[in-house]
Amino acid sequence: MERKEVYHLALTQERIEGARYAFLPGDPGRVSHIASAFDPAAREVAAKREYRSWLGQMAGTPVLVASTGIGGPSTSIAVEELASIGVRLFLRVGTTGAIQPQIEVGDVIVTTGSVRLDGASNHYAPLEYPAVSDYGIVNALVASARTHSVRCHVGITASSATFYPGQERTDSYAGHVVADLRGSLEEWKRLGVLNYEMESSTLFVVCSALGLRAGCVCGVIGDRTQGEAVNSSGVQPAVQKTIQVAVDAMEMLITQDRALVNDD
Ligand code: URA
């Protein structure tokens, strides 16, 4: 008999063939692209709400690609449910707006740690607890970016609960940023923060708190030193590069893990 189906992602351990590794894009529309990039025979295994999941094989092991939707709350649900059916390593493959002048649209950013502006992570650990990536995943992502000659920046990400006020955008229906957040972009920039996105701090805190491994690589689709808008023509090339970097990094991680087990 098939074991219990997790409520939101509509998956079981059997349906994901015991996969222990997962790519986590935010966008359900990117799931098939990532899965097909490492396994042309990959197939959809579930689709419910913002959660679409495809399964493929990489380096002789099943690997899941599951969308998280946007933001911390839906990301926490994805991680909880995937962990409960056996996934142990989570690699976010996202998009981002850069806030440092040396970063260009089309570059990739590997996050070492995140500023916890999300809200959801507070339900897992107090704010004093750091939102940090798994060290081995950072190394694999950087090595993969080098192999692909992709311009890569490594450092701190501001992970915001909102796309508009939390990232100090006024070109919105509200047209207004509350006093507490005014000047925040400049402040993060001065503090050396590289970029804004919306899921990494939740992912890192939930995973650290639960003894799981997590990493994050994002393609730059907006240059916030120039303006608020996303560069529409830059999205596709940035996403493509990010997928390449993420896929090869995952293969390295699987191979390294296997070598560790065989050494025992
Ligand atoms: N994702 C974000 O959260 N912000 C951006 O500017 C681009 C992508």
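Reader: Is R52 buried or exposed, or partly exposed?

Author: Good place to start! This is a predicted model, where local features need pLDDT of at least 70, side-chain atom pairs count only at pLDDT 80 or more, and totals for chains, interfaces and linings use all residues. Residues are numbered from 1 along each chain as its sequence is written, and side-chain values use heavy atoms, leaving out hydrogens and water. Buried means under 20% relative accessible area, exposed over 50%, and partly exposed in between (1.4 Å probe, protein chains only). R52 has a relative accessible area of 31%, so the residue is partly exposed.

Reader: Which side chain meets R52 in a salt bridge?

Author: Side chains of opposite charge can pair when their charged atoms come close. A salt bridge is a side-chain nitrogen of Lys or Arg within 4 Å of a carboxyl oxygen of Asp or Glu. Here the N to O distance is 3.3 Å, and the partner of R52 is E44.

Reader: How many residues apart in sequence are the parts that D134 and R213 tie together?

Author: The side chains of these two, D134 and R213, meet in a salt bridge at 3.2 Å, N to O. D134 lies in the loop between strand 7 (131-132) and helix 3 (135-147), while R213 is in strand 10 (residues 213-223), so the parts tied together are apart by 79 residues. Helices (H or I, at least four residues) and strands (E, at least two) are DSSP runs, numbered from the N terminus. To repeat the value asked for: 79 residues.

Reader: Where is D257, which meets R213 in a salt bridge?

Author: The side chains of R213 and D257 meet at 3.3 Å, N to O. The pair links distant parts of the chain, 44 residues apart: R213 in strand 10, and D257 in helix 6 (residues 232-263).
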